[in-house]
Amino acid sequence: MDREAKKEAFRKYLESSGVLDTLTKVLVALYEENDKPSSAVEFVQQKLGGPSISDYEKLKAEKLDLQLKYNELLETHKETCRQLDELKNSKNGSGNNTC
């Protein structure tokens, strides 16, 4: 398929899926704003239902914090399982793993 045909197929896809209409409405809303926002990108993101840039950054930081806590808990869990297995093995001499 040549370049123009690909572009036309993509345009039809955007139109049939409602993307063009939605983007047009958002851009018209931005145009009609009396007090233009300092960040047009953030305005568009909010109108499309996404988080603001600051909210996104907060969510990224929270995700990183939760990942670190998860990793710590996982290591604690593995160590606890290892200790439990050692206790069980020392009691009955079998090699069954608990976790």
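Guide: Some terms come first. A residue is called buried when its relative accessible area is under 20%, exposed when that area is over 50%, and partly exposed in between. Lys-78, with a relative accessible area of 46%, is therefore partly exposed. Please keep in mind that the model is predicted.

Lys-78 has a charged partner. Its side chain meets that of Glu-75 in a salt bridge, with 3.9 Å from N to O. The cut-off for a salt bridge is 4 Å between a side-chain nitrogen of Lys or Arg and a carboxyl oxygen of Asp or Glu, and the pair at 3.9 Å falls within it. Both residues belong to helix 4, where three residues, about one turn of the helix, separate Lys-78 from Glu-75. Glu-75 has a relative accessible area of 48%, so this residue also counts as partly exposed.

Helix 4 covers residues 53-92 and also holds Asp-65 and Lys-69. These two are four residues apart, again about one turn of the helix. A salt bridge joins their side chains, at 3.3 Å from N to O. Asp-65 is partly exposed because its relative accessibility is 37%, and Lys-69 is partly exposed because its value is 44%.

What is the salt-bridge count under this rule? The count is eight. One of the salt bridges links Lys-25 to Asp-21, whose closest N and O atoms are 3.3 Å apart. The two residues sit in helix 2 (residues 19-32); because they are four residues apart there, about one helical turn separates them. Lys-25 has 56% relative accessibility and so counts as exposed, whereas Asp-21, at 44%, counts as partly exposed. Salt bridges also form a network that links Glu-8, Arg-11 and Glu-15.

The crossing of helix 2 past helix 3 is right-handed. On the helix 2 side, the residues in contact are Val-26, Ala-29 and Leu-30; on the helix 3 side, they are Ala-40, Phe-43, Val-44 and Lys-47.

The loops on either side of helix 3 can be described in turn. Ser-39 is in the loop between helix 2 and helix 3, and with a relative accessible area of 23% it is partly exposed. From Ser-39 to Leu-87 there are 48 residues in sequence and 61 Å in space, C-alpha to C-alpha. Gly-50 is in the loop between helix 3 and helix 4, and its relative accessible area of 31% makes Gly-50 partly exposed.

Last, the overall division. Domain 1 is made of residues 1-49 and domain 2 of residues 51-93. The C-alpha centres of domain 1 and domain 2 are 42 Å apart.

Notes. Residues are numbered from 1 along each chain as its sequence is written. This is a predicted model: local features need pLDDT of at least 70, side-chain atom pairs count only at pLDDT 80 or more; totals for chains, interfaces and linings use all residues. Side-chain values use heavy atoms; hydrogens and water are left out. Domain bounds come from an automatic or database domain assignment. Buried means under 20% relative accessible area, exposed over 50%, partly exposed in between (1.4 Å probe, protein chains only). A crossing is left-handed if the near helix is turned anticlockwise from the far one by less than a right angle, and right-handed if clockwise. Contact means heavy atoms within 4.5 Å.
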